[in-house]
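Q: Can you take a look at this one with me? I want to go through the charged side chains.

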Amino acid sequence: MMRGFSSDDVDDRAEWTERFGTWLRAGEMVFPHVRIKGIEHTPQALLEVIEGRHIGAVIVEL
């Protein structure tokens, strides 16, 4: 089941943060990302992002 969440209630936000963190730590929720090693590859990484070659975040490891 999938349902949305939207609330300005502080108690709801605290519950959401706890649940979301649990899912992340358990590996039940993941975010696509690409890791590129070396600052010298940053220009190429930026071009690839602009070209749409990667889905999710692009992380350049220094």
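Q: Take glutamate 61 to begin with. Buried or exposed, or partly exposed?
A: Glutamate 61 is partly exposed, at 25% relative accessible area. Buried is under 20%, exposed is over 50%, and partly exposed is in between (1.4 Å probe, protein chains only).

Q: What kind of model is this?
A: This is a predicted model, where local features need pLDDT of at least 70, side-chain atom pairs count only at pLDDT 80 or more, and totals for chains, interfaces and linings use all residues. Residues are numbered from 1 along each chain as its sequence is written, and side-chain values use heavy atoms, with hydrogens and water left out.

Q: OK. Which residue forms a salt bridge with glutamate 61?
A: Arginine 35, with the closest N and O atoms 3.2 Å apart. A salt bridge here is a side-chain nitrogen of Lys or Arg within 4 Å of a carboxyl oxygen of Asp or Glu.

Q: How many salt bridges in the whole structure?
A: The search finds 4. One of them joins arginine 19 to glutamate 15, at 2.8 Å. Both sit in helix H1 (residues 10-26), 4 residues apart, about one helical turn.

Q: And glutamate 48?
A: Glutamate 48 is buried, at 12%. Its side chain meets that of arginine 53 in a salt bridge, 3.3 Å from N to O. Arginine 53 is exposed, at 55%.

How values were computed:
Helix = DSSP H or I, 4+ residues; strand = E, 2+ residues; numbered from the N terminus.
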